[in-house]
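Please keep the sequence and the model in view while reading.

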Amino acid sequence: ALTAGIVGLPNVGKSTLFNAITQAGAEAANYPFATIDPNVGIVEVPDERLNKLTELVKPKKTVPTTFEFTDIAGIVKGASKGEGLGNQFLSHIRQVDAICHVVRCFEDQNITHVAGKVDPIEDIDVINLELILADLETVNKRYQRVEKLARQKDKDAVAEFQVLAKLKEGLEEEKPARVLEFTEEQEKIVKGLHLLTYKPILYVANVGEEEVSNPEENPNVQKVKEYAANENAEVIVICAKIEEEIAELDAEEKEMFLQELGIRESGLDQLIRASYHLLGLATYFTAGEQEVRAWTFKQGMKAPQAAGIIHSDFERGFIRAETVSYEDLVAAGSMTRARELGKVRLEGKDYIVQDGDVMHFRFNV
Ligand code: GDP
């Protein structure tokens, strides 16, 4: 399963956030086969469409979809006391598919900042520089090897060498690989290098309790937003401490609490949805009388693969997928009506599943 790793300097609020994640966590009963790793938090993806489908179909049960956050700090704790962030830290970032970088934007005299003052851009740079240096090492090694082949006019080697030269130049200027521009062909080569600074990233600006309603007034948040804009990265503003409290409330209490705070959606829910998209994940639904359920698939997946997420038999014996888009189904008001209106398509094995598809798979056993 794809996972988003939570990183950040010490004392910025990572553990507090991760606590909120595990507290809010998915109902274990729905996911009996989920891994029980203390550094992995499984979250349910908030999705209005699921509520709407439940109203429409009135099933016995509704099950949201989930995905995982990994607490990298938790894994690495105590693993390395050397200079820099240590190899363990880097190797764990290598294993995640996207990065949520938590940055301290709250002022609190009682909580020490590792650098002595709250400066989110400096904090971001500390970690990003470490990742850039690790990538530079990867690129340099490869560069030396490919250089020889490129001189012998090996076509693939020439193409890769161009990419490596560009990466080398950029990384040496302390730019993360994700801000460099490549053609589509070159992007494939870059992906193959598994660079740390090529992973999709978002920044989590952790603000103080009294600032959640008005984060725009926090100058640190502004700085993070400007920084992120340069990378085309998203910023999610949260107060980790409040999220920890919210995570203990039931749905109704949560709604009231958010209203009191004057916010529409909790920071954690925003973070969950943003991370989900950052990972390139999307949702299709199954909607029967027994169960209405959301399923996570990787964007670009074809129907049989997507069916295989439910059960491998569905993929192996795939025949067709009865498919209606969420919008068409809701507009029609019922599956029967959607069928009458010709909105239900029979899709074959080459169909690329779309976010919001409501699907019913037909398969051979
Ligand atoms: P980590 O080292 O990044 O995991 O940081 P922690 O989550 O342990 O937080 C460090 C300290 O900052 C703890 O005492 C937290 O209670 C506190 N903290 C975390 N988030 C907030 C916040 O939003 N506001 C305030 N005032 N304190 C926070």
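## Basis of the report

This is a predicted model, in which local features need pLDDT of at least 70 and side-chain atom pairs count only at pLDDT 80 or more, while totals for chains, interfaces and linings use all residues. Residues are numbered from 1 along each chain as its sequence is written.

## The chain as a whole

The secondary structure of the chain comprises 15 helices and twelve strands. Here helices (H or I, at least four residues) and strands (E, at least two) are DSSP runs, numbered from the N terminus. Along the principal axes, the C-alpha atoms fill a box of roughly 65 × 60 × 35 Å.

Of the 365 residues in the chain, 39% are buried. A residue counts as buried if 20 or more other C-beta atoms lie within 10 Å of its own, as exposed if 12 or fewer do, and as partly exposed in between; the C-beta atoms are placed from the backbone. Among contacts between residues at least 6 apart in sequence, 69% join residues at least 24 apart. Two residues are in contact if their C-beta atoms, placed from the backbone, lie within 7 Å.

## Domains

The domain assignment gives domain 1 (3-116 + 200-278), domain 2 (126-197) and domain 3 (300-363). Such bounds come from an automatic or database domain assignment. The centres of domain 1 and domain 2, taken over C-alpha atoms, are separated by 31 Å. Nine residues of domain 1 are in contact with ten residues of domain 2. On the side of domain 1 that touches domain 2, helix H4 (residues 87-95) supplies the largest share, three residues. The residues of that side divide into five nonpolar, two polar and two charged. In this grouping Ala, Val, Leu, Ile, Met, Phe, Trp, Tyr, Cys and Pro count as nonpolar, Asp, Glu, Lys and Arg as charged, and the others, Gly among them, as polar.

From the UniProt record (unreviewed entry) comes the feature "domain: TGS" at residues 280-363. UniProt positions are given in the numbering used here, feature names are shortened, and annotations may be inferred rather than shown by experiment. The span 280-363 is 29% helix and 39% strand, and its end C-alpha atoms lie 27 Å apart.

## The shell around the ligand

Which residues come nearest to the ligand? Of the 18 residues around the ligand, these are Gly-13, Lys-14, Ser-15, Thr-16 and Ala-240. A residue is near a molecule or strand if its C-beta atom, placed from the backbone, lies within 6 Å of it. Two or more residues of the shell are given by each of helix H1 (14-24) and helix H9 (240-246). The largest share, three residues, comes from H1. The shell divides into seven nonpolar, seven polar and four charged residues.

For "binding site" (unreviewed entry), the UniProt record lists Asn-11, Val-12, Gly-13, Lys-14, Ser-15 and Thr-16. Gly-13 lies in the loop between strand S1 (3-7) and H1. Gly-13 is buried because 25 other C-beta atoms lie within 10 Å. Leaving aside neighbours within four places in sequence, Gly-13 is in contact with Val-102, Arg-104, Asn-206 and Ala-240. Ser-15 is found in helix H1, and with 18 other C-beta atoms within 10 Å, Ser-15 is partly exposed.

## Two residues with positive phi

Most residues other than glycine have a negative phi. Glu-174 has a phi near 65°, a positive value in a residue other than glycine. Glu-174 lies in the loop between helix H6 (155-172) and helix H7 (184-192), and counts as exposed because it has 12 C-beta neighbours inside 10 Å.

Asn-232 has a phi near 55°, again a positive value in a residue other than glycine. The loop that holds Asn-232 runs between helix H8 (219-230) and strand S7 (234-238). Is Asn-232 buried or exposed? Asn-232 is exposed, because 10 other C-beta atoms lie within 10 Å.
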